[in-house]
Structures are given as structure tokens and as C-alpha cells.
Amino acid sequence: MTYDENTGGRTTQPTNVNGNWRINGSFTFSTPLSNKKFTVNTYTNANYGNSVGFTVLNKESDAVKSNTTNLFLSERLKGNYRSDLIDCELSAGIRYQKSEHSIKKDNQRETFDYTFGVEANLNLPWDIKISSNIDCRLKRGYGGKNDTNRTPWNAQISKSFLKKKKATIRFHLYDILRENESSERSISENSITDRESSTSNVYFMAYIAYRFNTFGNKGKRQSTRSKDY
């Protein structure tokens, strides 16, 4: 990529070059405890890659081949408890990313993303269910205003009715604290790009769901198959 100081324009030209590669690995484990109502699971992911680019050191020099390495590590741990009355989950996670440039040593970056969450579903009498989930997200190492603390919180209440609970009415409230914002950073051999998205206001949805069974019961299905023969 070349930059024109007079016009501000950039010209990008593809070049065949060796050295772009990536390796990735993940590990998942889940097990119930001695009390079968408790379950613990973990998810681990590692990603390491190398990107090749060309860097101009000064105005007079030609572009020099450079390498950018990216290391990504993440770990998420969850604990779940289930009973007839309540289903509750606690979670915690960390994501670590480090990038290094072979020429521009000052372009090294390290970022940390921490998440802590609680999700609960409560089964009440008369087929009423109350659910809520809240997450705390901390971002560090991004610099300035990009180091943020966000706490998205959602909640809902629903009730099932009619025969065999085929119909459900549900009221869902989103982003109660008005903090549902997310950001993502991608690092290439020539640039660092931050993408942000947000929901401006708290909002809700109310809807009714009905389950149809077009196959009939087991006896009718067996009778149909007998007639076909």
C-alpha cells in the first residue's frame, strides 16, 4: 500500500508472498458433580498467526517486508445448578490478545477482556416462568475511552396456557441499564481497526407463541403406516 501525501489517496496492490499462516486449538470439558444437579464446564481456545505486509520506514526508502504476529487466548468457565424450581448459571471468562510488529516495535499491543455473568430461570406455579441474565464486561489495554465497563441486563416473564401448554405469552425487557455496547478489535500487518456497536435505548417485546403438532399421536401414526402397506 502506497500513500500519496499530496492527495491523501492510498493505492493498494496485491503481491504474492509467503509467510501468512495461522494455527488454532480448542478444548472443551463438561462434567456433573457428585450432586447431579450441579454441572461444571470449561472452554479453552488458543490462536496464533503470522501476517506479512510491507512497511515504508521513511519517505525516501522502498517498502520493506514486515511480519505481524497475533496471539489470542481465551478461557471461559461455567457452573450450572438445575432443579424443578430454578435453573441458575454462573460464568467467568477472560480473553487475551497480543500483537507484535517485526519493524515497528512501538506497535505492540496487549488487550484484556473480562466477563462475569449470572443467568437464572425461575419456574413458578400456574406455569409462570421468570428469567433474567446480567453480564459485566471489562475491557483493558485498548486505550483511552475504549477501556470500558459495561453491564447489559435482560429479563423476561412468560406464562403457558391452553391444553398441553401449547400456547405461551411472553414479555421480554432488553438492556434495562442501557449499557448494551460491544466493540471488536482486529489487527493486520498495516492497521488496527476498532468496531463498535450499541443499542441506544431500553426496549421490550411482547408476543404469543403456539405449538402445532401436525403428525398426530403415536397410535394415529402407526395406523397410517399400516394403511400404506
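How many salt bridges does the count come to in this chain? With a salt bridge taken as a side-chain nitrogen of Lys or Arg within 4 Å of a carboxyl oxygen of Asp or Glu, the count comes to 4. The model is a predicted one, in which local features need pLDDT of at least 70 and side-chain atom pairs count only at pLDDT 80 or more, while totals for chains, interfaces and linings use all residues. Residues are numbered from 1 along each chain as its sequence is written, and side-chain values use heavy atoms, with hydrogens and water left out.

The chain has 1 helix and 14 strands, where helices (H or I, at least four residues) and strands (E, at least two) are DSSP runs numbered from the N terminus. Of its 229 residues, 19% count as buried, a word that means under 20% relative accessible area, whereas exposed means over 50% and partly exposed lies in between (1.4 Å probe, protein chains only). If contact means heavy atoms within 4.5 Å, then residues 24 or more positions apart account for 47% of the contacts in the chain with a separation of 6 or more.

Among the salt bridges is one between the side chains of Arg 95 and Asp 113, at 3.6 Å from N to O; this pair links distant parts of the chain, with Arg 95 in strand β6 and Asp 113 in strand β7 (residues 109-124), 18 residues apart. Asp 113 also meets Lys 139 in a salt bridge of 2.6 Å, N to O, and because Lys 139 lies in strand β8 (residues 128-140) and Asp 113 in strand β7, this pair ties together parts that are 26 residues apart in sequence. Through shared partners, the salt bridges join Arg 95, Asp 113 and Lys 139 into one network.

Another residue to look at is Asn 80, which has its place in strand β5 and is buried, with a relative accessible area of 11%. Its side chain makes a polar contact (a pair of N or O atoms within 3.5 Å; within protein, one must be able to donate a hydrogen and the other to accept it, and residues adjacent in sequence count only if both atoms are side-chain atoms) with the side chain of Asp 87, at 3.2 Å. A polar contact of 3.3 Å also joins the side chains of Asn 80 and Arg 82.
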